[in-house]
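Subject: A structure for you to look at

Hi there,

Here is the structure I promised to pass on. Have a look at it first, and then read on for what I found.

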Amino acid sequence: MKTNTIKALSAAILLASSLNAAAEMKFGYVNPERVYTETQAARRIEARLQQEFGAQQQALMKLQQDGINLRQQLSSSKLSSAERKRLEAQLSDKAQEYRVASARLAEDFNLVRNEEFAALQHNANTIIKDIAEKEHYDLIVQEAVFVTRKYDITDRVIRLLDEMK
């Protein structure tokens, strides 16, 4: 009986001390989606991407429109056999050209975008670590199913990123 009482008391003391420790822990949360969309750096990245790849996107849209025009011409019942074959060959060439250009654009765009946003993420992580060290956070997470506003430090991270320029 005495050992059961000692075990129960030990368990109660451990539980009380762990609850006390949990109450003293400091948690934070950063919403990466907001960091990638609301910071001035993210807006500059998107503007640079548009400027750098805008002409290629326009050329791709022109290829697409050319293909649509060729399809409309092919749907005409007044075409001779030779004319139909010529238009089908042109359509096939345009479709191949579109696929190649589209794949190249997507690859180049994603490569540059990923590099730019990796640099933004690095800067955000540096700021988050600085906040954690200066304000003695025990844990700051960037992915969560649910977080109350009490723990959300995203606004501060965005503000500090915007101050970096």
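This is a predicted model: local features need pLDDT of at least 70, side-chain atom pairs count only at pLDDT 80 or more; totals for chains, interfaces and linings use all residues.

The chain has 5 helices and 2 strands, and their order along the sequence is α-β-α-α-α-β-α. Of its 165 residues, 24% count as buried.

The core

Which residues have the most contacts inside the largest nonpolar core? They are V35, L120, V157 and L161, in a core of 23 residues. Two or more core residues come from each of α3 (40-74), α4 (81-134) and α5 (154-164). The largest share belongs to α4, which gives 10 residues. As a general background, nonpolar side chains in soluble globular proteins tend to be buried together.

Leaving aside residues up to four places away in sequence, L120 touches V35, Y36, T39, A41, A42, I45 and L161. Two of these partners, V35 and L161, are also on the list of residues with the most contacts inside the core.

The helix pairs

Two packed helices are described by the angle between their axes and the distance between the axes, and I looked at two pairs in that way.

For α3 and α4, the axes come within 9 Å and cross at roughly 170°. Angles over 145 degrees count as roughly antiparallel, so α3 and α4 are roughly antiparallel to each other. The contact of α3 with α4 is made up of 18 nonpolar, 7 polar and 12 charged residues.

For α4 and α5, the axes come within 10 Å, with a crossing of roughly 120°. The two helices are therefore oblique to each other, and the crossing of α4 and α5 is right-handed. By class, the contact of α4 with α5 consists of 9 nonpolar, 1 polar and 1 charged residues.

And which residues of α4 and α5 meet? From α4 there are L120, N123, A124, I127, I128 and I131, and from α5 there are R156, V157, L160, L161 and M164. L120, V157 and L161 turn up here as well as among the residues with the most contacts inside the core, which makes them a handy place to begin browsing.

Enjoy exploring the model, and do write back with any questions.

Best wishes

Methods: Residues are numbered from 1 along each chain as its sequence is written. Side-chain values use heavy atoms; hydrogens and water are left out. A nonpolar core is a set of buried Ala, Val, Leu, Ile, Met, Phe, Trp, Tyr and Cys residues joined through side-chain atoms within 4.5 Å. Buried means under 20% relative accessible area, exposed over 50%, partly exposed in between (1.4 Å probe, protein chains only). Helices (H or I, at least four residues) and strands (E, at least two) are DSSP runs, numbered from the N terminus. Contact means heavy atoms within 4.5 Å. Axes are lines fitted to C-alpha atoms, for helices over the stretch in contact, and angles run from 0 to 180 degrees between N-to-C directions. Angles under 35 degrees count as roughly parallel, over 145 as roughly antiparallel, 65 to 115 as roughly perpendicular and the rest as oblique. A crossing is left-handed if the near helix is turned anticlockwise from the far one by less than a right angle, and right-handed if clockwise. Ala, Val, Leu, Ile, Met, Phe, Trp, Tyr, Cys and Pro count as nonpolar, Asp, Glu, Lys and Arg as charged, and the others, Gly among them, as polar.
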